[in-house]
Amino acid sequence: MIFTKHGNAFRWIIVIASFAIVSLILWKTYEFFQHFKDEERTKMENWSFAQTEFINSDVETNTNLDLTLKILNSNRTTPMLTINEDGSLGSYNNVDETKIENKAYIGKLIEKFESENTPIYVKYQGKIYSTIYYGNSPLLNKLKYYPLALLLIIVLFGAVIFFFYSSNKNATQNKLWSGMAKETAHQIGTPLSSLIGWTEILKTENVNPDYIVEMEKDVDRLKTITERFSKIGSIPVLEKADIIKETIESYDYLKSRSSKLVEFDLKIPEGEIFVNLNKQLYSWTIENLVKNAIDAMKGRGKLTVEITQLENDVKISVTDTGKGISKKNFNTIFEPGFTTKKRGWGLGLSLVKRIIEDFHNGKIKVLQSEKDKGSTIQISLTRAN
């Protein structure tokens with residue numbers, strides 16, 4: 001997706017509008033909660049008036065007795081207790097009747113009800129006959145937690161927007177880097193063609209042939225690097241190739257251009273082992289693993305590249321005698337950005353992992369590692385039929 005100025009503005013309008021709508025819903029929910037709470041208090045005040053009327057009326061002469069009893073029996077949801085003037089329990093509604101004789105239970109209910117609503121006093125001619133303690137109804141309690149659920153939805157909604165934006169931004173950056181890599185490959189092509197021409201001219205001069213051979217190796221290497229960069233962002237093409245031959249070529253080139261303080265050792269079986277391979281990307285993989293191993297040894301030690309063939313798989317192991325890898329970092333080292341170097345972007349091993357696992361359907365892992373004794377990183381590839 002290509003982000004334009006108008007596209008970004010439109011996205012932010014959607015985000016702000018969404019938050020505004022959710023905030024409005026929260027506010028209206030709060031208003032409804034308070035309104036419902038006021039309605040319940042009005043209901044309980046009417047109940048207290050009916051209670052006063054019932055206590056102080058003559059049953060035989062009270063013409064409103066039916067209405068009074070109807071109001072008193074109308075409370076079917078709000079939990080309540082009536083405590084008489086002497087502290088004894090009067091009437092109660094919508095509480096656990098099995099515990100109503102327990103004074104501790106009544107005391108806890110009174111504390112709970114007082115924290116939720118202000119008690120209502122039943123008065124007659126200025127004298128308090130009883131006190132009504134009431135709590136929130138089940139419906140009101142559910143409404144109380146509704147804003148919290150809505151806030152959680154807002155947080156999740158924000159997280160989804162953030163990750164959506166981040167992933168799209170990363171995708172755009174990846175396309176940018178891919179384009180830059182392809183352009184770099186294109187730019188390298190011009191001086192590379194010139195170098196090839198100069199190499200051919202040198203062959204006609206009185207120049208040591210060994211120099212020409214080494215120059216041609218470096219030119220071929222530049223060609224390989226150019227092909228690697230040109231393939232970034234594209235799906236690589238795999239072809240049947242001899243893994244031993246491709247490994248030896250990369251190994252020999254790196255050995256001839258590495259410090260003489262590094263002892264190289266190559267262990268390979270006889271014959272050929274064929275796998276479906278992209279030669280340029282596989283060469284890049286071996287190069288990264290060898291360079292990381294040399295860095296781990298600080299340019300001094302023994303480096304071993306070993307190929308082991310199994311019935312269906314082939315294992316390529318790179319072993320060094322460096323500082324080792326902590327067990328907690330066995331998987332972390334393959335993540336983009338992870339590095340223990342003072343300088344470096346931490347992309348080498350993450351690139352290796354992507355080349356092996358995403359493009360070649362193989363596996364790569366830290367086979368073993370011991371502090372100050374070295375590490376072994378192993379690649380597994382399926383043999384070609």
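Reader: Let us start with P79: is P79 buried or exposed?

Author: Buried means under 20% relative accessible area, exposed over 50%, and partly exposed in between, with a 1.4 Å probe and protein chains only. P79 has a relative accessible area of 12%, so P79 is buried. This is a predicted model, in which local features need pLDDT of at least 70, side-chain atom pairs count only at pLDDT 80 or more, and totals for chains, interfaces and linings use all residues. Residues are numbered from 1 along each chain as its sequence is written, and side-chain values use heavy atoms, with hydrogens and water left out.

Reader: Where is P79 found, and which residues does P79 touch?

Author: Helices (H or I, at least four residues) and strands (E, at least two) are DSSP runs, numbered from the N terminus. P79 is in the loop between α2 (65-72) and β1 (80-84). Contact means heavy atoms within 4.5 Å. Setting aside residues up to four places away in sequence, P79 touches N93, N94, V95, F113, Y133, Y134, G135, N136 and S137. One of these, N94, is 15 residues from P79 in sequence, with a C-alpha to C-alpha separation of 4.6 Å.

Reader: How should I read polar contacts, and what joins the side chains of S369 and S375?

Author: A polar contact is a pair of N or O atoms within 3.5 Å; within protein, one must be able to donate a hydrogen and the other to accept it, and residues adjacent in sequence count only if both atoms are side-chain atoms. The side chains of S369 and S375 are joined by a polar contact of 2.8 Å. A polar atom of the S369 side chain also lies 3.5 Å from the backbone oxygen of G374. S369 belongs to strand β10 (residues 363-370), and its relative accessible area is 16%, so S369 is buried.

Reader: How many salt bridges are found in the whole structure?

Author: A salt bridge is a side-chain nitrogen of Lys or Arg within 4 Å of a carboxyl oxygen of Asp or Glu. The search of the whole structure finds 13. E239, K245, E246, E249 and K279 are linked in a network of them.

Reader: Which residues touch the most other members of the largest nonpolar core?

Author: In soluble globular proteins, nonpolar side chains tend to be buried together. A nonpolar core is a set of buried Ala, Val, Leu, Ile, Met, Phe, Trp, Tyr and Cys residues joined through side-chain atoms within 4.5 Å. The largest has 34 residues, of which I243, L303, I316 and L381 touch the most other members. Helix α7 (residues 279-296) gives the most to this core, with six residues. Beyond its neighbours within four places in sequence, I243 is in contact with I273, V275, L277, Y282, I307, V314, I316 and L381. A second, separate core has 10 residues, including L81, I100, I110 and F113.
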